[in-house]
Amino acid sequence: MAFNSIILRLELDHRHVHFGNVASAISNVGGDITSIDVIRPGQDTSVRDITIQVSDQVEAQVVESLRQLPGVQVVNVSDRTFLAHLGGKISIYPKLPVKNRDDLSRVYTPGVARVCTAIHESPEKAYSLTVKRNTVAVVTDGTAVLGLGDIGPAAAAPVMEGKAMLFKQLADVDAFPICLDTKDTEEIIRIVKAISPIFGGINLEDISSPRCFEIEQRLSAELDIPIFHDDQHGTAVVVIAGLINALMVVGKQMDRIRVVVNGIGAAGVSICKMLLAAGVTRLVPVDREGAIIRGGKYSHPMWQWLAEQPQVEDKSGKLKDVIQDADVFIGVSRGGVLSGEDVSRMAENRIVFAMANPDPEIRPEEALPLVRVFATGRSDYPNQINNVLVFPGIFRGALDCRARAINESMKLAAARAIAAVVSDSERNEHYIIPSLFNEQVVSGVRKAVIEAAIATGQSRRIPPDF
Ligand SMILES: NC(=O)c1ccc[n+]([C@@H]2O[C@H](COP(=O)([O-])OP(=O)(O)OC[C@H]3O[C@@H](n4cnc5c(N)ncnc54)[C@H](O)[C@@H]3O)[C@@H](O)[C@H]2O)c1
Ligand SMILES: O=C(O)C[C@H](O)C(=O)O
Ligand SMILES: [Mg+2]
């Protein structure tokens, strides 16, 4: 159960209602008043802002019970989440002040022209004389936003702004949301290529599969800056990090476990690939129609690739059939598709990562009594397995060494670095993955990624601290 903090602006007619009636109405339905502000005092009527902590399940009831109360007018209901989004979440600030004409002639015309000419003569100077060395475009077409689906580019913006905010706060990367009003693969590739000169890297976000695979592959081949589809690789890296530690907690080994991955879209495909690279020998990929099986024929190119892998099982069935005796369930599909009854038929010491956002495949309250290790993608429960642990540090490292790409070695190094932040003495069922606020995460990922980039010939610069 998640708790929200909401602010209600109420106009009270004191001839019909006392504040005590309001307080009782709120607490009777489970709300907890945390503060009261008098906005407009008055003899007969007054306006007050009441801040209430309330579970999301009874939020509507609290508001409705106040609407029913004679003498109360609910002027406005605003929750703090919406307030935090007013006017957007990010902004751009200049690095130096322009106070007089002398300053102006340096940062703007005529001085700027000499700098332009220098870049024209030596294009690599874009890295030293513009923002390119520190910028990432967070590009979406709004087709697979969280688990909300195809909600369009404008509605996707709050997620993209959130990613940009976290890039800056966690890794000092200047990221900018780019929400494209097109679903056409060729057009997306063309636009991203056209805007690429000012960016040091491209983070593709919430673009649905299978188009996301072609868009990423083509851009990687045609541009010389790192292209990283966060939902694929950020997710796979953090899953591997969490799994390394979860397996240590339950005393099982990567090459002995049977893993069910539910939802073989952007995240699911990349997770499956990385599980195989990490040594998993029994893999069951499952999508809406059931298990994707070895030897099967699929029009989806990545499903066909999976069907050709020797580690993929050949037994068909729906999720409820194939979940039997699984050691690990990884969900990157939709909220609520896994039942407690399904979980109880898994092997002993089971691990469940229910990572659909915002609603996981199974609610923590239902799953926790049935499993040994449980994780979700959300920030309001322990063990948050979310790609936010990956994208800031991986891009920090890639930008600092001017990597051409983010390859498999760099991703595996990032996964190991995240897992290693949790020490042997700290690791337990409720702590398999470090917090994103743990500063060792970004610095550890950055270092591991730069080392791997240098070792695999991807870096174009050795950072001074190396
Ligand atoms: N925690 C994280 O860090 C994280 C990262 C990426 C994605 N996600 C979540 O994972 C989900 C998928 O994201 P994506 O980017 O891969 O989207 P996507 O649209 O590319 O893929 C979703 C896949 O799930 C399948 N699916 C839908 N309903 C299903 C069901 N009932 N059973 C089995 N499969 C089903 C779809 O057919 C599709 O193949 C979303 O909820 C997203 O929020 C979480
Ligand atoms: O945005 C998130 O919280 C994680 C992930 O990128 C998702 O699409 O769910
Ligand atoms: Mg995403």
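Trainee: Domain bounds come from an automatic or database domain assignment. Into which domains is the protein chain divided?

Mentor: This is a predicted model, in which local features need pLDDT of at least 70 and side-chain atom pairs count only at pLDDT 80 or more, while totals for chains, interfaces and linings use all residues. Residues are numbered from 1 along each chain as its sequence is written, with chains lettered from A and ligands numbered from 1 in the order in which they are written. The protein chain is divided into domain 1 (3–85), domain 2 (101–225) and domain 3 (232–466).

Trainee: How many helices and strands does the protein chain have?

Mentor: Both are DSSP runs, numbered from the N terminus: helices are H or I with at least four residues, strands are E with at least two. The C-alpha atoms fill a box of roughly 80 × 75 × 45 Å along the principal axes. The protein chain has 18 helices and 14 strands.

Trainee: How far apart do the C-alpha centres of domain 1 and domain 2 lie?

Mentor: Take the two stretches, 3–85 and 101–225. Their C-alpha centres are separated by 43 Å.

Trainee: Which residues come nearest to ligand 1?

Mentor: A residue counts as near if its C-beta atom, placed from the backbone, lies within 6 Å of the molecule. There are 28 residues around ligand 1, and the nearest are G147, G263, G265, N357 and G377.

Trainee: Which element gives the largest share of the shell around ligand 1?

Mentor: Domain 2 and domain 3 each supply at least three residues to this shell. Two or more residues come from each of α10 (230–250), α11 (266–277) and β10 (282–287). The largest share is three residues, and it comes from α11.

Trainee: How do the residues around ligand 1 divide into nonpolar, polar and charged?

Mentor: Ala, Val, Leu, Ile, Met, Phe, Trp, Tyr, Cys and Pro count as nonpolar; Asp, Glu, Lys and Arg as charged; the others, Gly among them, as polar. By that sorting, the shell holds eleven nonpolar, 13 polar and four charged.

Trainee: Between which domains does ligand 2 lie?

Mentor: Ligand 2 is surrounded by L146, V159, D206, D230, D231, N357, G377, N386 and N387. They sort into two nonpolar, four polar and three charged. Both domains in question give residues to this shell, so ligand 2 lies between domain 2 and domain 3.

Trainee: Which residues does the UniProt annotation "binding site" cover?

Mentor: UniProt positions follow the numbering used here, feature names are shortened, and annotations may be inferred rather than shown by experiment. The entry is unreviewed, and its "binding site" covers N357 and N386.

Trainee: Why do they gather at one spot?

Mentor: They span 30 residues in sequence. Even so, they gather at one spot, because no two of their C-alpha atoms are more than 9.6 Å apart.

Trainee: Is N386 buried or exposed?

Mentor: Count other C-beta atoms, placed from the backbone, within 10 Å: 20 or more is buried, 12 or fewer is exposed, in between is partly exposed. N357 has 16, so N357 is partly exposed. N386 has 20, so N386 is buried.

Trainee: Which residues does N357 touch, not counting those up to four places away in sequence?

Mentor: Contact means C-beta atoms, placed from the backbone, within 7 Å. N357 sits in the loop between β13 (351–354) and α15 (364–367). With sequence neighbours up to four places away set aside, N357 touches L146, G147, G377 and R378.

Trainee: Which residues touch the most other members of the largest nonpolar core?

Mentor: A nonpolar core is a set of buried Ala, Val, Leu, Ile, Met, Phe, Trp, Tyr and Cys residues joined through C-beta atoms within 7 Å. The largest one has 116 residues. Those that touch the most other members are V259, A414, I418 and V449.

Trainee: Which element gives the largest share of this core, and between which domains does the core lie?

Mentor: The largest share is ten residues, from α10. Two domains contribute, so the core lies between domain 2 and domain 3.

Trainee: Which peptide bond ending at P358 is cis?

Mentor: P358 is in the loop between β13 and α15. Omega is near -5° for the cis bond from N357 to P358.

Trainee: Where is R402, a residue with positive phi that is not a glycine?

Mentor: Phi of R402 is about 50°. R402 has 22 other C-beta atoms within 10 Å, so R402 is buried. R402 is found in the loop between α16 and α17.

Note on methods:
Contact = placed C-beta atoms within 7 Å.
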